[in-house]
Amino acid sequence: ANSAKPPPTGEYYYIIVGGGTAGIALATRLGQGLKEASILVIEAGPATLDEDEINVPGLKGSTLGGRYDWNFTTIPQIHLKNRTIFTPRGRVLGGTSAPNLLTWDRASAAEYDSWEAIGNPGWNWHTMAAAMEKAETYVGGPPGSGTSGPIQAVTNRVLPVHQESFIATVARNFPSIPNDVDSLQGNPIGVMFQPENIAPAAGYNRSYSANARLPPARRTQPGLPVTLSDTTVLTARREIILSAGAFQTPTLLEQSGIGSSSILHATGITPQLIDLPGVGENHQDHLRVQVVLNTKATFAAEEWAKRVRGEPSFYDDTGAGYVFADWKRVVSGGDDEKRLVELAKGVVRDGKGDVGLKKKLDMLGDETVPQAEVIFSDGCTGVKGYPPRGSPLYGKGFFALIGALMHPLSRGSVHVDPADPYGKPPVIDPRFLDNEYDMAGLVEILKFCRLIARAEPLRSVWVDEYEPGEELVQTDEQWTEYVRNTTLTIFHPMGTAAMLPRKDGGVVDSKLVVYGTTNLRVVDASVIPVQISAHPQTGVYGIAERAAEIIIAAHH
Ligand SMILES: Cc1cc2nc3c(=O)[nH]c(=O)nc-3n(C[C@H](O)[C@H](O)[C@H](O)COP(=O)(O)OP(=O)(O)OC[C@H]3O[C@@H](n4cnc5c(N)ncnc54)[C@H](O)[C@@H]3O)c2cc1C
């Protein structure tokens, strides 16, 4: 809360539900812009600003599946052999910006422009770039980077020897994929090291929504005595803002009687206030596959001591290389590209004119829009897992070429569980790989990952392909089987309360107001109407910055 004069108990100007990536960013800006307005943020998770597992970049990943995680999983995915897919979400102050994997990047200008083109005036590259820059201080970044925003980003100072070959390998063997040192300025096509949201000025710790935003007094008093129970009624004088993330914002809407009448009817939720069929639909995520290789490098045991001494160490996290490319640059020949486009056209035809799908199809022909990402990532990040103690490969170093499909055409849903709409976790059904385009795209990306791995100088860095194994997977049929067995997500759900015209399945308008209401907004990854190729956090911070401007203007 930010208030010169405390408001009456239980009544605030603005109540933000969800103290996550967007929620805290928004609350801070509203607090700065509306000095007299009381602002309450309700966060389900604890404030843990001194937690090493969150703060130490090299420990990223260690909180997944633990006590700061909602630990959601999808329902069985029929196209992935009925596997359920783990879909973690931060349940902690700062939300998913606390457990995330620190990539700090942006999509192509055309992707943000597509938001405006499908009916959202004011949401384009120009406005989003300004908002994203407002959120960042990119230390050592190229001209045009943010220089005074709360989240610090830096290209990692630790670059293991075996990583040095990655950019040289791609640039030398794939000349159409240049070394792109300016990838955050709207043209990410190329190969590059990306910055991470790490704060050099704060001991090279994670810079995230909670520690970069909250004013110090509040940070040291996380136990704000707000108790919610069945009898507690909190009133917003001006607005309620949902920032509970792409899984829980739509379910909060449904729990409040706003959603598809058929879903609400099935769950017995009453009263049903607004029939909005788009709530919980349009779920989009980035699909992920990987080729894992074991290296000649070994891990140094003294790294933690170096960090304690304030020296660069592996616990800073290591740099990570990225390729972003359109299909022309990924596939081996023109026919493969044509085949992918034809497959996509078929899916869009079946999608009955959906505006988001049509946009994705348009962007297939745009050479500035990435369709594939390859991440050079240290560690054994595949599905097979690290070799067990006592086995021959135990103790070896690994790296993965993680491949991701940037604009899959599958769309899923997230809804309350009819069996217990207020108590059970959301029912998440991404419908992964429900079409041939997504499958063909992932197969092409995997073959591309292997091509990169086999090119010099990278080839000299590794000994064997650990996963899937060169001897086991050679043909397209074998790759297809591998995809079904191993596809995961990069954990980027979005779009489930989409900013779109209502006739097109929209849930919020371009001022982020829920249709049929005047004082209920959504501000988080749910509003993204068409998936972007970037990892989402810069976009989410940008949405929060823009939302704050819109709300402050409306307040006056
Ligand atoms: C493992 C992982 C790795 C990722 N890596 C990257 C990366 O490297 N780079 C990148 O750009 N993106 C990454 N992402 C994605 C990115 O972090 C998210 O897209 C972004 O943080 C989402 O922000 P949000 O504000 O929409 O939701 P969140 O940050 O999840 O915020 C939602 C908040 O609402 C709270 N909440 C939910 N329901 C309630 C309720 N009923 N009452 C009170 N509070 C509630 C939650 O506890 C949470 O704090 C990653 C995500 C994951 C899971």
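**Confidence.** I began with pLDDT, the predictor's confidence in each residue, from 0 to 100. The protein averages 91, and 93% of the residues score at least 70. Residues 1–8 have a pLDDT below 50, and I found twelve contacts for this stretch beyond near neighbours in sequence, a contact being two residues whose C-beta atoms, placed from the backbone, lie within 7 Å. Residues 216–227 are also below 50, with six contacts beyond near neighbours in sequence. I note for myself that where pLDDT is low, the predicted coordinates should not be read in detail. The model scores ipTM 1.00 and pTM 0.95.

**Ground rules.** This is a predicted model, so I kept local features to pLDDT of at least 70 and side-chain atom pairs to pLDDT 80 or more, while totals for chains, interfaces and linings use all residues. Residues are numbered from 1 along each chain as its sequence is written.

**The sheet.** Next I traced an open sheet of four strands, in the order E2-E1-E10-E21, with parallel pairing. Strands here are DSSP runs of E with at least two residues, helices are runs of H or I with at least four, and both are numbered from the N terminus; two strands pair if DSSP finds at least two bridges between them. Which strands stand at the edges? They are E2 (39–42) and E21 (520–522), and each has a single partner strand, so one side of each is left without a neighbour in the sheet. From one strand to the next the twist averages 20 degrees, taken between axes that are lines fitted to C-alpha atoms (for helices, over the stretch in contact), with angles from 0 to 180 degrees between N-to-C directions. I then looked at E1 (residues 11–17), which is joined to E2 by four bridges. One pair I wrote down is Ile-16 with its bridge partner Val-41 in E2.

**Around the ligand.** I listed 38 residues surrounding the ligand, where near means a C-beta atom, placed from the backbone, within 6 Å. The closest are Gly-18, Gly-20, Gly-95, His-535 and Gln-537. Helices H1 (21–33), H8 (245–255) and H16 (537–555) each give two or more residues to this shell, and H8 has the largest share, with four. By class I noted 16 nonpolar, 18 polar and four charged residues. Ala, Val, Leu, Ile, Met, Phe, Trp, Tyr, Cys and Pro count as nonpolar, Asp, Glu, Lys and Arg as charged, and the others, Gly among them, as polar.

Most residues other than glycine have a negative phi, and most peptide bonds are trans. I found a cis bond between Glu-456 and Pro-457, with omega about 10 degrees; Pro-457 lies in the loop between H14 (436–454) and E19 (462–467). Another cis bond joins Glu-467 and Pro-468, with omega about 5 degrees, and Pro-468 sits in the loop between E19 and H15 (476–486). Lys-81 has a positive phi near 55 degrees, in the loop between E3 (72–73) and E4 (86–87). Lys-81 is exposed, with 11 other C-beta atoms within 10 Å. Asn-82 has a positive phi near 65 degrees and is exposed, with 9 such atoms within 10 Å.

Key: A residue is buried if 20 or more other C-beta atoms lie within 10 Å of its own, exposed if 12 or fewer, and partly exposed in between; C-beta atoms are placed from the backbone.
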